[in-house]
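Hi,

Here is the structure I promised to pass on.

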Amino acid sequence: MDYITTEKWSSLEEIAEHLGVSKDTIYRWISTKQMPAHKVGKLWKFKISEVDEWVLKGEASDK
């Protein structure tokens, strides 16, 4: 049986650091710009590949 390596889930703090923005900015992007995020209990979790794709498509920019 083949096992596929899955990407680990990143925390809000990790994704804010990855993008070089504040946690408040991440919360705002989740609510106003449909940033790809997944709620797990009370915590937001992210896949860096999804977030990077979202940023590259220009979704994080102010229009």
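Val-21 comes out as partly exposed, because its relative accessible area is 25% (buried means under 20%, exposed over 50% and partly exposed in between, using a 1.4 Å probe and protein chains only). You'll find Val-21 in the loop between helix 1 and helix 2. Leaving aside residues up to four places away in sequence, Val-21 touches Ala-16, Ile-26 and Trp-29 (contact means heavy atoms within 4.5 Å).

Before going further, a word on the source: this is a predicted model, where local features need pLDDT of at least 70, side-chain atom pairs count only at pLDDT 80 or more, and totals for chains, interfaces and linings use all residues. Residues are numbered from 1 along each chain as its sequence is written, and side-chain values use heavy atoms, with hydrogens and water left out.

Ser-22 sits in that loop too, between helix 1 and helix 2 (23-32). Ser-22 has 37% relative accessibility, so it counts as partly exposed. Its C-alpha atom is separated by 9.6 Å from that of Leu-12, which is 10 residues away along the chain.

Now the overall layout. The protein has 3 helices and 3 strands (DSSP runs numbered from the N terminus, with helices being H or I of at least four residues and strands E of at least two). The pattern along the sequence reads β-α-α-β-β-α. The C-alpha trace spans about 45 × 25 × 20 Å along its principal axes. Of the 63 residues, 29% are buried. If you take contacts between residues at least 6 apart in sequence, 46% of them join residues at least 24 apart.

On to the helix packing. Two packed helices are described by the angle between their axes and the distance between the axes. For helix 1 and helix 2, the angle is about 100° and the axes are 9 Å apart (axes are lines fitted to C-alpha atoms, for helices over the stretch in contact, and angles run from 0 to 180 degrees between N-to-C directions). Helix 1 and helix 2 are therefore roughly perpendicular (angles under 35 degrees count as roughly parallel, over 145 as roughly antiparallel, 65 to 115 as roughly perpendicular and the rest as oblique). On the helix 1 side, Leu-12, Glu-13, Ile-15, Ala-16 and Leu-19 meet Lys-23, Ile-26, Tyr-27 and Trp-29 of helix 2. That contact has 7 nonpolar, no polar and 2 charged residues (Ala, Val, Leu, Ile, Met, Phe, Trp, Tyr, Cys and Pro count as nonpolar, Asp, Glu, Lys and Arg as charged, and the others, Gly among them, as polar).

Helix 1 (residues 12-19) also packs with helix 3 (residues 48-56): their axes come within 11 Å and cross at roughly 40°. That makes helix 1 and helix 3 oblique to each other. Ile-15, His-18 and Leu-19 of helix 1 make the contact with Ile-48, Val-51, Asp-52 and Val-55 of helix 3. By class, the residues there are 5 nonpolar, 1 polar and 1 charged.

The 3 strands form an open sheet in the order 1-3-2, paired antiparallel (two strands pair if DSSP finds at least two bridges between them). Strand 1 (10-11) and strand 2 (38-40) are the edge strands, each pairing on one side only. Strand 2 and strand 3 (residues 43-46) run antiparallel and are joined by 3 bridges. Lys-39 has Trp-44 in strand 3 as its bridge partner.

Cheers
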